[in-house]
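I opened the model this morning and kept notes as I went. Here are my entries, in the order I looked things up.

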Amino acid sequence: MKLDADVIVVGAGPSGAMVAGEIALSGASVIAVERRTDNVESRAGTILPRVLELLDARGIADRFIARMSEIRPFPFRPTHIYAGLKYVNWQNIGSRYGFTLGLPQNHSEDLLLAWAIEKGVDVRHGHAFTGLTQHDDHVEAHIKDDAGADLTLRARYLVGADGGRSAVRQALDLAFDGRAGTFTGIVADAEIAAPWPAGHFGTDNVNGWLRGFPFDKDVTRFNMVHRDSMKIAKDQPITVEEVRRNLNDIAGEDFGVRSLRWSSRYDDTMRCVGQLRDNRVFLVGESARIHYPASGVGMNFCLQDAFNLGWKLGAVVRGEAPDSVLDTYQSERMPVIRRLLDSVRGQCALQFNFTEEGVALKRTMESVHLPGPAFNRRLGLELNGIDVPYAIGDGQHALAGRPVVDLDLVLPHGRLTRVGELLRRQQFLLIDLTGSAAFDRLLTRSPKLSVVKAIASRRTADTANLTTMLVRPDAYVGWASDEVVDATTLEPELNRWLS
Ligand SMILES: Cc1cc2nc3c(=O)[nH]c(=O)nc-3n(C[C@H](O)[C@H](O)[C@H](O)COP(=O)(O)OP(=O)(O)OC[C@H]3O[C@@H](n4cnc5c(N)ncnc54)[C@H](O)[C@@H]3O)c2cc1C
């Protein structure tokens, strides 16, 4: 059977572009089919520290920062809202990227797709997925192109990255359990009379919640949930008068809103699949769950799904990893997705209680609890989707299954580097901080493994006694030790991940 590609990715939004790029980076061939032929409105507008770390691990974080800097000087925010409350301070989470990058989703998609194409992905716009057939050794995707022609593409695996109404999920007939929406909010991208003053504006009271901030060139974004208009159905048109009225009610002014470039009602419908894989087909991003966009983090979780699956699928297709690695996509990402949905439920309960009691609770949260560094850090990890470690195995080091600390390293010949920089080729890194020859025989163990002898020039409290660490291509710690160990100790760990 002649295959068209190793992997077909359906949908080239954020999740699709990221997973396709990651698979292609491994050397596998990828076709991405996308039904759209144009760029669309931006729902998301934020890239969070953990995703910046992942982009950095591929050497492209600076592209995202540079793009936003073209739109607005100094597009960095050292803080982030949680349930609309002020503020989570990113300094508490210990990331090299201690800021939110405010970048409209269409720019993020554009940059991710350009990178995926650079890595060799064959992107076919105007191609809509209509169905699939699974076979023992391959999967067929049925496609309709924008000229109305039907075609069939064959690949070893298929990834559904086609968003909340996923046709892939429906073709698999997977249950999408949850509940319908209970309220609506409004996102309004507005032209306003005078330039928006620097920074974000946020307020809430018994009339509702509002956030206003500069978004794209000459566009100010307002997110709002108004006590009365939250009962309006999602499909009801939004007028500029409704937006002005809501702004006046909640903030006491209409910010000089003249017209709306784009607006939409969104709701808190919450649904999720029970499984992320059906035989040769995987789901990433919103094809697997939908939820209220609490604190503007949803896309960041979708990108992390894609980053978790991409290298694994690529390595299995290339025969560089055992098939069992693919099962870890479900076992690692599903707990994170469930935790996300719980977080969203909790945030909505707090944020959209506009009674006097609810407002009093929010003020207590802001003045008493949020300023505490430990609590603040906890919420920061939650927003980044890294408060749940990946279950890597019993009796492991505390760092195993956690995002790798981007340690500054000095290599034996004196070059300064760091973990994020060494990950660029999507390698496993076996970092030996003792300088011994213990791992020399692993130098040729696998094309996916790099053995790195180095000194950590600065350590964190978590890594104070670390001697050896196996870092996965997705910037997670696969295994670590504070003891002096040899290559034999590491063999079972390497066999788990590498053929
Ligand atoms: C109001 C609002 C504000 C938000 N703000 C933020 C924010 O600030 N930060 C954040 O992180 N997240 C935010 N989000 C969430 C974010 O927009 C989503 O999480 C993200 O778009 C999901 O990405 P995805 O690639 O999984 O799906 P999508 O973005 O939906 O992409 C799916 C792609 O698949 C394509 N497709 C669909 N069907 C087919 C088919 N049959 N064949 C071929 N292609 C197909 C679509 O055209 C699309 O390009 C917000 C959401 C909303 C509603």
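In what order do the three strands of the open sheet lie? I found β3-β7-β4, with antiparallel pairing. Before going on, I noted that this is a predicted model, in which local features need pLDDT of at least 70 and side-chain atom pairs count only at pLDDT 80 or more, while totals for chains, interfaces and linings use all residues. Residues are numbered from 1 along each chain as its sequence is written.

**Entry: the three-stranded sheet**

I took helices (H or I, at least four residues) and strands (E, at least two) as DSSP runs, numbered from the N terminus. Two strands count as paired if DSSP finds at least two bridges between them. At the edges I have β3 (46-47) and β4 (76-77), each of which pairs on one side only. I then followed β3 to β7 (residues 100-102): they run antiparallel and two bridges join them. Opposite I47 I found L101 of β7.

**Entry: around the ligand**

Which residues come nearest to the ligand? I counted a residue as near if its C-beta atom, placed from the backbone, lies within 6 Å of the molecule or strand in question. There are 33 residues around the ligand, and G11, G13, G163, G285 and G296 come nearest. I sorted the shell into 15 nonpolar, twelve polar and six charged residues. For that sorting, Ala, Val, Leu, Ile, Met, Phe, Trp, Tyr, Cys and Pro are nonpolar, Asp, Glu, Lys and Arg are charged, and the others, Gly among them, are polar. At least two shell residues come from each of α1 (14-25), β2 (30-34), β9 (127-134) and α7 (298-317). The most come from α7, which gives four.

I call a residue buried if 20 or more other C-beta atoms lie within 10 Å of its own, exposed if 12 or fewer do, and partly exposed in between, with C-beta atoms placed from the backbone. A contact here puts the C-beta atoms of two residues, placed from the backbone, within 7 Å.

**Entry: helix α4**

How many residues does α4 have? I got 14 for this helix (residues 105-118), and 20 Å from its first C-alpha to its last, close to the 20 Å expected at 1.5 Å a residue. The expected span is 1.5 Å times one less than the number of residues. Buried in α4 are H107, S108, E109, L112, L113, W115 and A116. Their cover includes α1, β2, β3, α3 (61-71) and β8 (122-125). Just after α4, I saw that G120 takes a positive phi of about 110°.

**Entry: strand β27**

I found β27 paired with β24 (residues 428-432) in the antiparallel sense over four bridges, with D432 opposite T468. Its pairing with β28 (residues 477-481) is antiparallel too, over four bridges, and here T468 stands opposite S481. Five residues separate β27 from β28 in a hairpin, and A475 in the turn has a positive phi of about 65°.

Which residues does the cis peptide bond join? I found K86 and Y87, with omega about -15°; Y87 lies in β6 (residues 85-89). F255, not a glycine, has a positive phi near 60°, and S295 has one of about 60°. F255 sits in the loop between α6 and β17 (257-267), and S295 in the loop between β21 (289-290) and α7.

Is S295 buried or exposed? I noted it as buried because 23 other C-beta atoms lie within 10 Å. E242 is partly exposed, because it has 19 C-beta neighbours inside 10 Å. T152 is exposed, because it has 12 C-beta neighbours inside 10 Å.
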